[in-house]
Amino acid sequence: MGQIGKVAVIGGGAAGFFLAVNLKEMVPALEVTIFERSSRLLAKVEVSGGGRCNCTNTFDDVCDLSQVYPRGHRLLKRLFNVFDHRDAFEWFERHGVPLTVEDDHCVFPQAQDSHAVIDCFLSLARRYHINICTHVKVQSLDDLRGYDFVAVTTGGSPTGDGLRWLAETGHDVAAPVPSLFSLAVSDSRLHALQGLVHDAVVHIPTTKFRAEGPLLITHWGMSGPAVLKLSSHAARHLADNGYRQPLSVNWVGCSEADVQTMLSEAARRQSQKLLTTWNPFGLQQRLWAYLVEKAANPQSRWCDLNKKDVNRLTNTLTNDTYQTAGRAPFKDEFVTCGGIALSSVNPSTLESRHVANLYFAGEVLDIDGITGGFNFQAAWTTAYTVARSIAARITTA
Ligand SMILES: Cc1cc2nc3c(=O)[nH]c(=O)nc-3n(C[C@H](O)[C@H](O)[C@H](O)COP(=O)(O)OP(=O)(O)OC[C@H]3O[C@@H](n4cnc5c(N)ncnc54)[C@H](O)[C@@H]3O)c2cc1C
């Protein structure tokens with residue numbers, strides 16, 4: 001090792017920049033070089049959060065990390081002791097990116113523009129003399145002879161191509177599959193509701209996979225936070241089943257028993273009204289009309305409902321089951337489930353258990369979260385951990 005040391009960071013994305021910048025703040029005399037295969041640095045940061053960059057979350061609604069990190073929650077719980085969302089918030093504000101918290105606990109730059117984050121990273125990289133080499137695709141550690149430490153921050157690899165060379169050096173790889181996607185449903189009556197957003201509970205029958213939140217109906221199926229969350233928790237299950245699974249929707253968020261009581265009550269109180277015109281659940285009218293038509297004669301009055309009708313309507317409202325017909329036709333997957341297995345890294349330092357002085361941070365690891373700023377938080381936390389680990393090695397050498 002040279003007098004101070006040389007560090008190669010492979011990947012000029014969120015984790016790579018955060019790692020490089022923090023490392024230079026911890027050990028300014030280090031020589032740090034970022035290698036980026038493309039011409040575009042921080043490309044995902046730029047498009048993230050609809051161009052606004054949902055850079056973290058307050059975690060106010062999170063009582064169990066497994067709710068928001070289907071993979072990696074145990075490791076993150078440990079690493080949040082090193083650097084968590086409060087640290088990230090404070091870090092960005094201290095580095096000239098004021099943040100704002102939205103009602104749903106998502107955190108964005110006050111500028112409402114991802115360039116606030118990009119400009120911050122690029123100007124710090126310039127100030128700290130971090131070398132940046134674009135158009136360099138690193139695929140072997142032999143390419144990096146002369147570096148004392150190497151940090152891999154190459155991001156998710158949905159096809160697994162970007163993980164092959166790492167598997168060849170002994171690392172276990174959790175097979176990559178997409179996460180955070182919408183689902184296609186072939187049902188023209190449903191498609192007619194396109195654009196409708198409604199709070200619902202979605203569930204894959206006979207599994208534990210269940211999510212709630214806004215459900216968006218599109219002209220090809222279902223999307224919105226509820227479906228994205230479900231796709232994250234069930235990413236591997238859905239992949240294993242070719243994305244063709246039954247999908248149950250509870251449109252009212254109540255139990256069958258409660259719905260039956262409410263329907264019987266409506267039949268008593270509003271007996272002369274048409275089913276389609278009296279809607280006891282406050283659903284949007286076109287959704288209510290669609291659901292009633294699926295279960296009963298829409299021309300019926302409430303007093304015409306017999307027990308069978310009530311059961312059918314109850315079932316449609318609480319367990320409306322569709323067959324998914326694959327992922328959405330657009331490639332809108334946001335993150336990869338899978339990557340370098342966490343068993344292949346030291347959980348305190350994120351150093352490889354197979355190759356000395358090699359570290360991992362960001363989405364290349366088998367860590368991923370639901371939408372809401374959780375994926376960037378994982379990138380900041382793991383990148384900071386690696387920076388701290390390398391800095392500790394250098395300063396104690
Ligand atoms: C459309 C979209 C919107 C998103 N919005 C949000 C959001 O608002 N909030 C949130 O928390 N998350 C969001 N995410 C997820 C988030 O962007 C990622 O989790 C995050 O970027 C991961 O950071 P990373 O540095 O690990 O990987 P990346 O940002 O993917 O960076 C990896 C970099 O490494 C480079 N690279 C790969 N292989 C090599 C190689 N062999 N040699 C050299 N360079 C290489 C890549 O070109 C890339 O630049 C979004 C993702 C997408 C796709």
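The model on your screen is predicted.

**Stop 1: the whole chain**

Show the chain as a cartoon. Its secondary structure comes to 13 helices and 16 strands. Turn the view along the principal axes. The C-alpha atoms fill a box of roughly 90 × 40 × 35 Å.

The accessible area is about 17400 Å². Carbon and sulfur atoms hold 49% of that surface. Of the 397 residues in the chain, 54% are buried.

Think about contacts along the sequence next. Take the contacts between residues at least 6 apart. Of these, 76% join residues at least 24 apart.

Colour the charged side chains. There are 37 positive and 39 negative ones. The centres of the two sets lie 4 Å apart.

**Stop 2: the ligand**

Select the ligand and the residues around it.

- Ala 15: a backbone N or O atom lies 2.8 Å from an oxygen atom of the ligand.
- Glu 36: an N or O atom in the side chain is 2.6 Å from a ligand oxygen atom.
- Phe 376: a polar backbone atom lies 2.7 Å from an oxygen atom of the ligand.

How much of the ligand does the protein bury? Taken alone, the ligand exposes 1000 Å², and the protein buries 88% of that.

**Stop 3: Asn 22**

Stay with helix H1 and select Asn 22, which sits in this helix. Is Asn 22 buried or exposed? Its relative accessible area is 2%, so Asn 22 is buried.

Show the side chain of Trp 91 as well. A polar contact of 2.9 Å joins the side chains of Asn 22 and Trp 91. Leaving aside neighbours within four places in sequence, its contacts are Trp 91, Tyr 384 and Ala 387.

**Stop 4: two loop residues**

Go to His 135. This residue lies in the loop between strand S6 (131-133) and strand S7 (149-152).

Jump to Leu 180. You will find it in the loop between strand S8 (173-179) and strand S9 (183-185). Phi is positive for Leu 180 too, near 65 degrees, and this residue is not glycine. What is the relative accessible area of Leu 180? The value is 1%, so Leu 180 is buried.

**Stop 5: His 191**

Finish at His 191. Helix H7 (residues 188-191) holds this residue. Show its side chain and the backbone of Val 185. The side chain of His 191 reaches the backbone oxygen of Val 185 at 2.5 Å.

What else does His 191 touch, not counting residues up to four places away in sequence? Besides Val 185, the list holds Ser 186, Thr 218, His 219, Trp 220 and Gly 221.

Technical notes. Residues numbered from 1 in each chain as written. Predicted model: local features only at pLDDT ≥ 70, side-chain atom pairs only at ≥ 80, totals over all residues. Heavy atoms only, no water. Helix = DSSP H or I, 4+ residues; strand = E, 2+ residues; numbered from the N terminus. Buried < 20%, exposed > 50% of the residue type's maximum accessible area, 1.4 Å probe, protein only. Contact = heavy atoms within 4.5 Å. Areas by Shrake-Rupley, 256 points an atom, 1.4 Å probe, with all protein chains shown as cover. Lys, Arg positive; Asp, Glu negative; His and termini not counted. Charge placed at Lys NZ, Arg CZ, Asp CG, Glu CD. Polar contact = N/O pair within 3.5 Å; in protein donor to acceptor, adjacent residues only side chain to side chain.
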